[in-house]
Every structure is written in C-alpha cells, then in structure tokens.
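I opened my notebook today to look around a protein model, one topic at a time. Come along and keep the picture beside you.

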Amino acid sequence: MIEFFVKRPVTTIMIISVFVVLGTVSYTNLQIEKTPKIEFPIVTVSVLYPGATPLDMETLVVNKIEDAASEISEIERIQSRSYEGFGYIYVEFLLSADVNIKLIEVKDKVDAIINSLREDIEKPEVEKFDPLMTSVMDLVLSSDSLDGRDLYEYADKVLKHRFLSMEGVARVDIYGGKERQINVRLNPMLMKERYITIQEVITALGLKNRNIPAGDLRKGYQSLS
C-alpha cells in the first residue's frame, strides 16, 4: 500500500486534496451550540410556606410530598431541603425514563395530596430540572416618584405580563421590592383582659375574609350570580 502511494504522487495528492476539501466543507457547516439541549431525568418540586420554620416545613409539607412522589416507578433517588418558609424536593429518575411523562406523574401525585397540606401554603411548582436554564436578562427598577410598594405593584401587574406576552419568553421572576400586606397589631393587655388568643384572631380574620359562591338569584327568565 505504501509503495503504491510513493510511486503515484499525483494520485496521492488528489486523494489527500479530496479529504482536505471534505473536511473544510464539513467544518464550515458544523453547528456549535454554547448550551446544547440536554434533558436530565430530574423533576423538582418547590413549595413556599411563609412564616414556617425549617422543622415545620419538613414535617408538614416536604415529607408528605416525598411520600407521594416515592410511589412513582423508575426513581433513582429523592432528596429534599427544608428552609425557613421554603421547601425543595429533588426527584431523580433512571436514565431510561421519559422525563416528560415523569413530570406529569409527579404533578398528579402533588395535586392528589394538595388538599391535605396546610391551607396557607402557596401552590407547589413542579418543573423539569435544567441546569442550563438561567436568566438572560436582569432588570433593576428605580423611581423618583414611586415608593417600594408601588414599584413592586407596577412590576408585578404591568411589566411582568408585558414581558410574558413576548415571543420566546418562558418565565419572569420578581425579586426584592415591598409586596403589599396588611399588618394587624394586637394589644396584649386587652387580649388578656378578654381572654382572646392569637389563634382566635387568626381564625376570625380568615372567616371574615373569604369568598364563597352563594348560588344564583332567579326572577322569571333572568339569572344573576
């Protein structure tokens, strides 16, 4: 074989030229992605429970979600973290599992036990884990005329929805600011005098601030909710 190429230099040069041309064309058409699309067989569940201690978060919320998710097949491992007011459950499946199907199964399990969790927790967020999903733009808002609360309301009610309506935008998160809230300050001496506990105040506020459907008012062919 070596003798053939040595005695026929023109043929050798032509063959090498063909490979050089093919390599150059292939290199120029080669697609390179900085963050290639990779799907990890991992599903995460994040839960917000304002005011809860890490121990309460673990016993009242995280453990129940873990028990429900553990019934799903093809699980490699389950890990969780409990913080003050926040819980995080990490469910890793076998590499052979379809992460899209497992995402639906985890959502179904969480929805099935949602009524058994505390009423004041926020709805758990179930998502596929993607370490490459990072924010592409960070915006900082400031104003000379609006205070922190009004600025937060503007970002949450106006700007967020405008960004979400744009093509290609998947998610918008808001950090910082002053979210509107109502503080109820209790008088310890008056409560002691009237034998009222803090829990009774919380229950009374919950009963007086609730929307319940009351049916329809009907008159002839007219109906009013």
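**Entry 1: the model itself.** I noted before anything else that this model is predicted.

**Entry 2: helix H3.** I looked up H3, which covers residues 54–69, and found a bend of about 40 degrees at Val62. Which residues of H3 are buried? My list reads Met57, Val61, Val62, Ile65, Glu66, Ala68 and Ala69. Next I checked what the buried residues of H3 pack against, and wrote down strands E1 (42–48), E2 (75–83) and E3 (86–93), together with helix H4 (99–113).

**Entry 3: the nonpolar core.** I turned to the largest nonpolar core, which has 24 residues. Val45, Ile65 and Val106 touch the most other members. E1, H3, E3 and H4 each give two or more residues to this core, and H3 supplies the largest share, six residues. I followed up Val106: leaving aside neighbours within four places in sequence, Val106 is in contact with Val43, Val45, Ile72, Phe93 and Val126.

**Entry 4: Tyr88.** I found Tyr88 in strand E3.

**Entry 5: the largest pocket.** I wrote down a volume of about 2300 Å³ for the largest pocket. Its lining has 49 residues, and the closest to the centre are Arg171, Val172, Asp173, Ile174 and Tyr175. Elements giving two or more residues to this lining are E1, E3, strand E4 (125–128) and helix H5 (148–164). H5 gives the largest share, nine residues. By class I noted 26 nonpolar, nine polar and 14 charged residues in the lining.

**Entry 6: the second largest pocket.** My last stop holds about 530 Å³ of space. Here 15 residues form the lining, with Asp120, Gln199, Ile202, Thr203 and Gly206 the closest to the centre. I sorted this lining into seven nonpolar, four polar and four charged residues.

Note on methods:
Residues are numbered from 1 along each chain as its sequence is written. This is a predicted model: local features need pLDDT of at least 70, side-chain atom pairs count only at pLDDT 80 or more; totals for chains, interfaces and linings use all residues. Side-chain values use heavy atoms; hydrogens and water are left out. The bend at a residue is the angle between axes fitted to the seven residues ending there and the seven starting there. Helices (H or I, at least four residues) and strands (E, at least two) are DSSP runs, numbered from the N terminus. Buried means under 20% relative accessible area, exposed over 50%, partly exposed in between (1.4 Å probe, protein chains only). Contact means heavy atoms within 4.5 Å. On a 1 Å grid over the protein atoms alone, a cavity is a set of points where a 1.4 Å probe fits but cannot get out, and a pocket is an open set with protein on both sides within 12 Å along at least five of seven lines; lining residues have an atom within 4 Å of a point. Grid points are joined across faces, edges and corners, and a volume is the space filled by probe spheres set on the points. Ala, Val, Leu, Ile, Met, Phe, Trp, Tyr, Cys and Pro count as nonpolar, Asp, Glu, Lys and Arg as charged, and the others, Gly among them, as polar. A nonpolar core is a set of buried Ala, Val, Leu, Ile, Met, Phe, Trp, Tyr and Cys residues joined through side-chain atoms within 4.5 Å.
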